[in-house]
Amino acid sequence: MDENELLNRLKQRDPKALQTAVEKYSNLLYKVAIGFMHDKQAADDIVQDVFIKLWQAAPKLNFDKNKLSTWLYRVTVNHCLNQVKRDKFKALFQDISKFTRKTDNGAIEIEIEDTINLNPHQYTENKELGQIIENAINNLPKKQRIAFILTKYRDMSAKQAAEIMKTSPANVDVLVFRAKKNLQKFILKQLKS
Amino acid sequence: MTCKSVQNNLIFYIEKSLPDKQLSEIEQHLKHCKVCAEKYQKLLAAYQFIESEKQSNVNPYLWTRIQAKIQHKPATQKTWQTVLQPVILTLIVIIGLFLGIKLGQLYTHPHTSYNYAQSLNDTTIFYPVADNESEYLLFEP
Ligand SMILES: [Zn+2]
């Protein structure tokens with residue numbers, strides 16, 4: 001079944017077509033999602049949401065030049081970017097609540113950072129490394145991040161990544177090059193301490 | 001080769017995406033320079049972590065989970081129209097019933113002082129009430 005036939009059957013609300021799409025694309029989309037999320041469960045959830053979105057949007061989808069796979073990758077990337085933003089926001093509030101405490105009379109007291117002991121040795125080396133890589137990738141400018149994840153995690157060609165990112169393959173190469181330079185700098189700086 | 005130029009290219013050395021000459025120069029440098037070798041090991045570990053993430057695969061039960069989701073959710077989402085339709089229909093039926101009763105009263109009591117124009121005046125009382133109610137319902141959650 002080619003992409004066009006698959007889309008036509010999805011438009012007719014054929015669950016078998018959705019199953020075929022899941023079998024064909026879920027692992028490929030997962031590689032992108034894990035590059036953004038660095039968490040298996042979170043990446044699974046992203047991929048699941050993308051297919052539910054496909055099921056809901058299928059009757060309205062029309063592709064002339066862009067293919068179904070391009071649409072799926074774009075939705076995955078957008079969903080990941082939004083989720084990372086939301087997680088950051090949540091983490092910020094968790095950080096604040098870590099340092100704040102309600103006193104008996106209901107007032108909010110802010111504790112001094114020292115009293116909360118974030119002992120780095122509590123983490124396993126691997127977890128620490130994972131955190132550094134997650135921070136390093138999340139710190140990249142958005143386009144560099146997308147280009148890096150598509151080519152590195154999904155092993156995409158610059159041409160395919162360019163189609164998804166609506167840019168030229170040469171520009172993807174430049175973005176990936178800059179991303180790697182930045183990652184190298186960030187990781188070496190973090191691992192120094 | 002200077003330490004700086006080695007350290008600037010470690011990531012490409014790991015990926016083997018440099019010209020052969022440069023690769024062997026870095027290789028030689030790393031054999032003799034402890035500082036660069038240490039940085040190389042750290043970056044290599046980080047890059048291997050990315051490789052290990054890449055090796056993981058999507059949940060094998062993903063389709064089962066998606067299937068459960070799409071079966072529980074109706075294909076078309078509920079819109080205001082679909083929610084309000086039965087409410088408006090019920091209102092129309094109630095208004096119709098009241099009108100029917102009013103008109104019925106007119107016919108069963110032919111000797112009442114109501115004339116046709118008056119009866120219309122009476123029944124129109126129901127219209128603004130009904131209209132207000134339906135407008136109000138539009139903003140109900
Ligand atoms: Zn050196």
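**View 1. Two domains of chain A.** The centres of domain 1 of chain A and domain 2 of chain A, taken over C-alpha atoms, are separated by 22 Å. This is a predicted model, in which local features need pLDDT of at least 70, side-chain atom pairs count only at pLDDT 80 or more, and totals for chains, interfaces and linings use all residues. Residues are numbered from 1 along each chain as its sequence is written, chains are lettered from A and ligands numbered from 1 in the order in which they are written, and side-chain values use heavy atoms, with hydrogens and water left out. Domain 1 spans 3-85 and domain 2 spans 122-193. These bounds come from an automatic or database domain assignment. Domain 1 of chain A brings 16 residues to the contact, and domain 2 of chain A brings 15 residues. Contact means heavy atoms within 4.5 Å.

**View 2. The interface of domain 1 and domain 2 of chain A.** The size of an interface is often given as the accessible area lost when the parts come together. Here the two domains of chain A bury about 1,400 Å² between them. Buried area is the accessible area (1.4 Å probe) that two parts lose on being put together, summed over both. Carbon and sulfur atoms hold 67% of it. On the domain 1 side, His38(A), Tyr73(A) and Arg74(A) supply 35% of the area buried against domain 2, more than any other three residues. A salt bridge is a side-chain nitrogen of Lys or Arg within 4 Å of a carboxyl oxygen of Asp or Glu. There are 4 residue pairs in polar contact, both at pLDDT 80 or more. A polar contact is a pair of N or O atoms within 3.5 Å; within protein, one must be able to donate a hydrogen and the other to accept it, and residues adjacent in sequence count only if both atoms are side-chain atoms.

View 3. Helices (H or I, at least four residues) are DSSP runs, numbered from the N terminus. Helix 2 of chain A gives the most, with 7 residues. By class, this side has 9 nonpolar, 4 polar and 3 charged residues. Ala, Val, Leu, Ile, Met, Phe, Trp, Tyr, Cys and Pro count as nonpolar, Asp, Glu, Lys and Arg as charged, and the others, Gly among them, as polar.

**View 4. Chain B against chain A.** Here 32 residues of chain B touch 39 residues of chain A. The two chains bury about 3,300 Å², and carbon and sulfur atoms give 63% of that area. The rule finds 5 salt bridges across the interface. One of them joins Arg65(B) to Asp45(A), with the closest N and O atoms 2.9 Å apart. The count of residue pairs in polar contact is 22, both at pLDDT 80 or more. Helix 4 of chain B gives the largest share of the chain B side, 12 residues. That side has 15 nonpolar, 8 polar and 9 charged residues.

**View 5. Two loop residues of chain A.** Asp155(A) has a positive phi of about 50° although it is not a glycine. Asp155(A) lies in the loop between helix 6 (142-153) and helix 7 (158-165) of chain A. Its relative accessibility is 53%, so Asp155(A) counts as exposed. Exposed means over 50% relative accessible area (1.4 Å probe, protein chains only). Lys166(A), also not a glycine, has a positive phi of about 55°. Lys166(A) sits in the loop between helix 7 and helix 8 (169-192) of chain A. Lys166(A) is exposed, at 66%.

Key
Buried < 20%, exposed > 50% of the residue type's maximum accessible area, 1.4 Å probe, protein only.
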